[in-house]
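Q: Hi! Could you walk me through the charged pairs and the surface of this one?

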Amino acid sequence: MEDIGKDDLCALLDKLLLSSLELIEQDVRLSQETNRLIADGKLDLAHTRFTKGPNAVSVVQLPTEDYNPFRALSTVAVSPDNQGVPQLTLERHAVQASEERIDPASWFGILRPPTLNSARDKFARSLDAIVERANVRATLGSYLNVFAILNKRKSVQ
């Protein structure tokens with residue numbers, strides 16, 4: 001890359017900026033999707049609370065002194081991609097009491113309202129969007145670092 005001309009360097013910078021703009025657009029889209037999913041999930045939870053009555057969430061569902069901690073059903077793993085940019089993946093785990101992985105929705109009984117299940121699904125989809133957005137931002141950050149390096153190099157030539 002030492003013998004690259006100024007015109008080629010400018011073309012590379014242009015491509016990098018266009019790719020960065022596409023990533024910014026994707027970041028904004030994912031941000032809006034996340035906000036929509038979270039807002040819809042909150043509305044579903046409010047609807048569940050309204051239809052089940054004010055006593056639906058009671059002492060039975062809330063933690064007490066004999067509360068047993070549990071592990072998350074979704075975790076984030078980090079691995080570098082082929083350019084060395086850290087990429088996140090969302091790992092889903094099965095419900096297993098032996099590993100202390102329980103489903104908190106089970107606290108509400110077997111016959112859960114559909115809006116509670118809908119809220120759970122929306123929050124799970126928002127997790128997917130959040131992880132994807134974090135990956136977009138990590139890639140965008142690496143693009144901007146490369147852009148700064150190439151821009152310095154262009155000013156030296």
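Q: Let's start with Asp27: is Asp27 buried or exposed?
A: Asp27 counts as buried, at 10% relative accessibility. Buried means under 20% relative accessible area, exposed means over 50%, and partly exposed is in between, using a 1.4 Å probe and protein chains only. Keep in mind that this is a predicted model, where local features need pLDDT of at least 70 and side-chain atom pairs count only at pLDDT 80 or more, while totals for chains, interfaces and linings use all residues. Residues are numbered from 1 along each chain as its sequence is written, and side-chain values use heavy atoms, with hydrogens and water left out.

Q: Which side chain does Asp27 meet in a salt bridge?
A: That would be Arg133, at 2.6 Å from N to O. A salt bridge here is a side-chain nitrogen of Lys or Arg within 4 Å of a carboxyl oxygen of Asp or Glu. Asp27 lies in helix H1 and Arg133 in helix H2 (residues 114-156), so the pair ties together parts that are 106 residues apart in sequence. Helices (H or I, at least four residues) and strands (E, at least two) are DSSP runs, numbered from the N terminus.

Q: And how accessible is Arg133?
A: Arg133 counts as partly exposed, with 23% relative accessibility.

Q: How many salt bridges does the count come to?
A: The count is 8 salt bridges. One of them joins Arg36 and Asp40, at 3.5 Å from N to O. Those two are 4 residues apart in helix H1, which means about one helical turn separates them. Arg36 is partly exposed at 42%, and Asp40 is partly exposed too, at 24%.

Q: What about Arg120, which partner does it meet?
A: Arg120 pairs with Asp103 in a salt bridge of 2.8 Å, N to O. This pair links distant parts of the chain, 17 residues apart: Arg120 is in helix H2, and Asp103 is in the loop between strand S2 (86-92) and H2. Arg120 is partly exposed, at 36% relative accessible area, whereas Asp103 is buried, at 16%.

Q: Which residues are joined into one network?
A: Asp27, Arg133 and Arg137 are, through salt bridges that share partners.

Q: New topic: which residues form the nonpolar patch on the surface?
A: Leu18, Leu21, Ile24 and Val28 do, with about 360 Å² of accessible area together. Patches are made of residues with over 30% relative accessible area and no salt bridge; like charges are joined within 9 Å, and nonpolar side chains (Val, Leu, Ile, Met, Phe, Trp, Tyr) within 5 Å. Accessible areas come from the Shrake-Rupley method with a 1.4 Å probe, and for residues only the protein chains shown count as cover.

Q: Where is Leu18 found?
A: Leu18 sits in helix H1 (residues 6-52). Leu18 is exposed, with a relative accessible area of 54%.
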